[in-house]
Amino acid sequence: MNSSRWVFAIMAMPLLGVACSNDVAGGGPQAGSLTLRLTTPHADDGAMTFQVSGPAIDNATAANASLRLFTRQASGSTMVGAVVGALANGAVVTVRVPDVGAAASYTATVLEVADRQDALRTSLTGYAITVTR
Amino acid sequence: MRISILVLVAVVGATPAMAQTPTAGSWRDAVQRLRTAPKARAARPRPHVAATLESIVDESEPNDSVRTADSIALGDQARGVVNPPGDVDTWFVDLTAGQFFSADVDAQELGSPLDATLVLLAPDGRTVVAFNDDFDGFDSRISYHVPTSGRYYVMLSSFGRIGGSPQARYLLNVGLVTCTAVGTEQEPNDTPGTATPIALGDSVTGEMCAHDANPVGDVDYWAFTGQAGTTIELQVDAAKRGLLVDPFVALFASDGTTRLAFNDDADGADGADPRLQFSIVTTGTYYATVTDAVGHDGNPFPYTLHVRSIVPGPGDPITVRAENLGFPLGLAVGSTGDLFVGDVGGNRVVRISGQGPVTTFAAGIPNPLGLAFDASGQLLVASLDGTVYRVTPQGQVTRFITDAGFPFWIAVAPDGRIWLTNVLDRSLRRYSAAGRLEAQFDGVAIGGSGPGPLAIGPSGEPYVSNFTEIWKLVDGQFQRVFTNGLLIWAFAFDVAGNIYVPAPTVGRIQLFDGTGTVLSDPFAVGPDAPQALAFGRDATGATVARLFATDPLAGRVIEMNPAGVLHPGLPVGYVAPPFTLDAAVTSLLGGGGLSAADVQYLDALGNHNGRFDVGDFQAYLRTLNGLPGSAP
C-alpha cells in the first residue's frame, strides 16, 4: 500500500465508524454503559461484594463519588467487585460493555454485605441487583 | 464536674495509698490490721500546752450527752472511764475565738485497754467541728483553731462505741497549743525568705505546728545549696515515731515558688513518711519544705528532715520538655514524634511538637485519662465521663466507645484491636478496631486495685498493673509477671522486652527485664511523681531510645537522659501489614494470594468471624483512611 492509500484509509475509518454507530436499525453491537441497581432491606449497609456476568464486560466504575469500587475480572464474562460506602437503594455501579443491546443477557448477584460497623449480614434476603441500560 | 474531679482524685490519689499496703483487702481490713498490729511506740512527744495543770476533774455519770456534759476548763485534766461498753463521756469547755485548742487523751499510754475516739462539737451542740481516732498510738488528740467564742463539747468514747469496761480508764488533757521553735528550725520559717539554712548531709529537726491562720497549716522552709550534677534525697521521719501523722516534703527551685518535686508517702518501709529524690541541673539555692496533710487543724508533731546526696540513675538528669500543662496524665506519641498529653483538669489534649510550643490539639474532652493512637492514626482518649473519644488528626472529637463503663487506661495492639481497662467492674476489655466490644476479662482475681495501667507487650499480649504487680493476659488467662514493692503506673516496653516502670509514690522510675529482675533501680530519680511513660518516635514513626513521662503534680512532661536509655521503645499501636491494598482486594474477590496469617489479621481488624469477608475489608480500608469521605 502506498502512502496515498494509507491517507485514504485513515480518513475513511471515522466515516465508517459513524456509519456503524448510527446503524441501530441494522442490529450491530453498540458499546455503552449498564447500571447495576441495588435493592436493600437495610439502611446501614457499608460494604458489599457482588458478581456480574454477561457476554463481555470492559470495566466498571462506582455510580457516584460517595462509593468506592474494587473489581477483579474473574473470567471474560464474569467480574466480581466490592463496593464500599453508604449503600442505599439505587445505582451503585456502572459497567461498560461492548454491546448495551445485550443488557438482558447480564445478571448480577449480591455475594456479601456488611453493615457500617463491619458486621457481616447473616441473611441476604431482600437484597437484589438489577442490570439496566 | 465537681463530682468527676472528686472521683478522679479518689482514683488517682487514693489508689496509691491503697497500694502501699501490699496485702490485698478492703480498707476495713486495713484499718483492722492497723488497729491490731503491735505498734512501735517511740518516746512520746509531749504536746505543747500553754496552761499548767489547773485541776483534775473526775467525770460524773451520766454525762453521755451535751445536756448532761461535765464541765472542764483549759488547763484541767479530766479523768474518767468508758464503762459500760458504748459509754460516751461528754465534757464542755468555754473557748474564745482565736485560741488553738487542744484535747489530748492518755489511755493506751497508761496501760488502759481503751481505744478512744474524740469528737469536738460546736456551741450548737450538734455540729462536729473536729474528730480524731488515733494520734499517739490508739490515743486520740484534737487540735482546733477556735473561730467563734462559745461553749464547745468534747465527746469521748471507745472506737466504734463497741468497747468499754471498768478498766477502760483515761485522762483527758485540755488546754491551748503553743507553737515554739523546736530543734534545729528557726521559726518563723514559713517563707523562702525566712528559711532555716542547712547543708547537704544534715539531719535537722523541727515541728509541724499551725501557729497562724494559714489554711495549709505550718510550712517549714529549709534552704540549702545544691550543686549541678548532684542528686539529692529529702526524707522526713515523723510517722515512724509512732504518731499517726502524714507529713509532705517538697523541693522548690531558687525562685522559691517553682516546685520541682513533691512526695506524700514513700515506700512501705517509710509508711506515711515522705521521701523524694531529685537531680540538680543548676547550681543554686534550693528550698525543702515540710508540711502536714491535715493542714490548719492538724495536731502538732515533731519531725526530722534528712538532706543527703545519693547516686543518680542512668536516666538522670531529666529534662523538662513542657511545663504548665495543668494535670498531665495520659501520654501518647504520634507517628511523627509529637507528644500528645491529656490535661485532666483542663479537659483537653495538648500537642508538644519537637522543641516547639505546646498547643491545644483537642478541647472539650472531660478529664482525659489514658491515650493511644488507633489503627487509622486517630487518637483515642479515655475520659472520666465513661466515653472513649476519637480525635482526628485535625483535632475533631467524636464519641467512639460508649459501653466501656469507666475506661481509664487504653492501648492499641499491633493488629489494631483496642484494649482498655474498665475500673468500674475491674475488667480488661478488647474492642475491634472499629470500636465494637469483642471480649472482656474479669480482672478482680489479679488482686490489688487492678487491672489498671495497660501496655501491649512484645508478643502483642496486653500487660496490666494491679498497682503493685504486672500481669499479662495469655490465652484469656492472667499470668503474674512480677511483683514490685512500689506502686506501678503506666509502664512501657523497649524492643528488648525490658519494662520501664514509673513509681509515683517514691518519685522515681525503675527498669526491669521481662521477668521482673531489676536492671536499674533507680533508673531515674529526677521525676516528681511520674505517671505515664512513652518512648519517642522519629519523623518516620519508628520508635527511638528516648523516654518521656508525664509528671502531673508538677504539671510537666519530662524526658529521661537518652544516654541512659538502652534500647529503642517497642513499637506501639497498630503495625501496618506487609501486604498491599491490591492484594487484599484480590483475596477478597476470590483471587487468593494472602497468607493465613494475613487473613487472620484482616479478620481480627473487622468482625473476627474466622474468615476474611467484606466487613473485614471495610475495617481494613478504615485503617488506611480509605473509606469514601476519609482524609487520604
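Predicted model: local features only at pLDDT ≥ 70, side-chain atom pairs only at ≥ 80, totals over all residues.
Residues are numbered from 1 along each chain as its sequence is written, while chains are lettered from A and ligands numbered from 1 in the order in which they are written.

**Strands in chain A**
- Strand 4 (residues 67-75) and strand 5 (residues 78-85) of chain A run antiparallel, joined by eight bridges.
- Strands here are DSSP runs of E, at least two residues, numbered from the N terminus, and two of them pair if DSSP finds at least two bridges between them.
- A hairpin of two residues links strand 4 of chain A to strand 5 of chain A.
- Within this pair, A:Leu69 sits opposite A:Val83 in strand 5 of chain A.

**The sheet in chain B**
- Chain B has an open sheet of five strands, in the order 2-4-9-6-7, with mixed pairing.
- Strand 2 (70-71) and strand 7 (128-132) of chain B are at the edges with a single partner strand each, so one side of each has no neighbour in the sheet.
- Strand 2 of chain B pairs with strand 4 (residues 88-95) of chain B in the parallel sense, over two bridges.
- Here B:Asp70 stands opposite B:Trp91 in strand 4 of chain B.

**Where the chains meet**
- The contact (C-beta atoms, placed from the backbone, within 7 Å) involves 21 residues from chain A and 22 residues from chain B.
- On the side of chain A that touches chain B, the elements giving two or more residues are strand 2 (45-53), strand 4, strand 5 and strand 7 (107-115) of chain A.

Key:
Helix = DSSP H or I, 4+ residues; strand = E, 2+ residues; numbered from the N terminus. Contact = placed C-beta atoms within 7 Å.
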